[in-house]
Amino acid sequence: MKEYFFKIKYFDIGNIQKDIFFTEPLVYKGDYKAFNNGWSLNSSEKNALKIDYISFRFFEGRINEGQTPYELSFYSNQKKIMSSMTGLVQNDQFVFLHPPREKIFAKLEFSPFPLVRFPLEKNKVWKEKITIPEQWSSDLMKWRGNLEIEFEYKITGREKRNYVIEAKSLNEKIKTSAIFYYNEEGFSKLIFNNYDKSRMIFELDNEK
């Protein structure tokens with residue numbers, strides 16, 4: 001199966017670009033947060049490995065009530081650091097993709113997920129709701145029970161062969177937004193503006 005490699009860019013709350021590093025060895029904590037070390041913006045940590053790429057590799061079969069399984073992997077240079085499995089929904093009505101949500105990427109749980117609804121037409125608008133369990137709460141974002149966020153998506157135009165889809169949160173307290181570039185082969189660029197004012201960009205670099 002093909003593997004699609006995306007370059008990662010991370011900008012902090014001051015819009016300053018920073019590299020993301022992974023530290024070894026991994027220490028398993030035994031809960032849903034998986035590891036109590038790993039992602040960092042500090043290159044001086046021992047055994048820090050700069051993350052250059054995130055990749056998506058799709059498989060045959062079905063998981064999670066009919067989703068197409070795919071592997072999210074992180075690379076430092078040519079070395080695969082770690083990977084996880086999640087699901088893609090793709091049919092004649094829409095395409096829905098889970099972004100990475102480990103450690104520093106956990107904030108993407110609150111941003112619009114990559115989603116397109118067919119047919120693709122300029123100025124098309126739709127809304128989607130997600131429910132986030134309490135287990136995703138953190139020091140920056142605390143709540144009890146389930147948190148519901150509604151997002152609005154709009155196809156704002158074309159850029160070369162890509163449709164440009166802009167999305168935003170309609171929640172008064174959680175202000176997030178995203179821009180997705182999509183063509184007949186899939187997503188080529190993902191821009192996430194997160195609730196803590198940071199920004200993440202994943203841009204397709206190559207495939208093999």
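Is Lys-154 buried, partly exposed or exposed? At 34% relative accessibility, Lys-154 counts as partly exposed, where buried means under 20% relative accessible area, exposed means over 50% and partly exposed lies in between, with a 1.4 Å probe and protein chains only.

## Basis of the report

This is a predicted model, in which local features need pLDDT of at least 70 and side-chain atom pairs count only at pLDDT 80 or more, while totals for chains, interfaces and linings use all residues. Residues are numbered from 1 along each chain as its sequence is written, and side-chain values use heavy atoms, with hydrogens and water left out.

## Lys-154 and the positive patch

Lys-154 is found in strand 12, which covers residues 147–159; strands are DSSP runs (E, at least two residues), numbered from the N terminus. Together with Lys-122, Lys-168 and Lys-175, Lys-154 forms a positive surface patch. Such patches are made of residues with over 30% relative accessible area and no salt bridge, like charges being joined within 9 Å, and the place of a Lys charge is taken as NZ.

## Aromatic pairs

The count comes to 16 aromatic pairs, a pair being rings of Phe, Tyr and Trp (its six-membered ring) whose centres lie within 6.5 Å, with planes under 30 degrees apart counted as stacked. Trp-126 and Tyr-153 are stacked because their ring centres are 5.4 Å apart and their planes stand at 5 degrees. Trp-126 lies in strand 11 (residues 125–132) and Tyr-153 in strand 12, so this pair ties together parts that are 27 residues apart in sequence. Both Trp-126 and Tyr-153 are buried.

Ring pairs also link a cluster, whose members include Phe-74, Phe-105, Phe-118 and Tyr-182.

## Salt bridges

A search of the whole structure finds twelve salt bridges, each defined as a side-chain nitrogen of Lys or Arg within 4 Å of a carboxyl oxygen of Asp or Glu. One of them joins the side chains of Lys-107 and Asp-196, at 2.7 Å from N to O. Lys-107 lies in the loop between strand 9 (94–97) and strand 10 (115–117), and Asp-196 in the loop between strand 15 (186–193) and strand 16 (199–207), so the pair ties together parts that are 89 residues apart in sequence. Lys-107 counts as buried at 10% relative accessibility, as does Asp-196 at 17%.

In the salt bridge between Glu-109 and Arg-101, the closest N and O atoms are 2.9 Å apart; Glu-109 is buried, with a relative accessible area of 5%, whereas Arg-101 is partly exposed at 22%. Arg-57, Glu-71 and Lys-80 are linked in a network of salt bridges.

Key. Patch = residues over 30% accessible without salt bridge, like charges linked within 9 Å, V, L, I, M, F, W, Y side chains within 5 Å. Areas by Shrake-Rupley, 256 points an atom, 1.4 Å probe, with all protein chains shown as cover. Lys, Arg positive; Asp, Glu negative; His and termini not counted. Helix = DSSP H or I, 4+ residues; strand = E, 2+ residues; numbered from the N terminus. Phe/Tyr/Trp six-rings, centres within 6.5 Å; stacked < 30°, edge-to-face > 60°.
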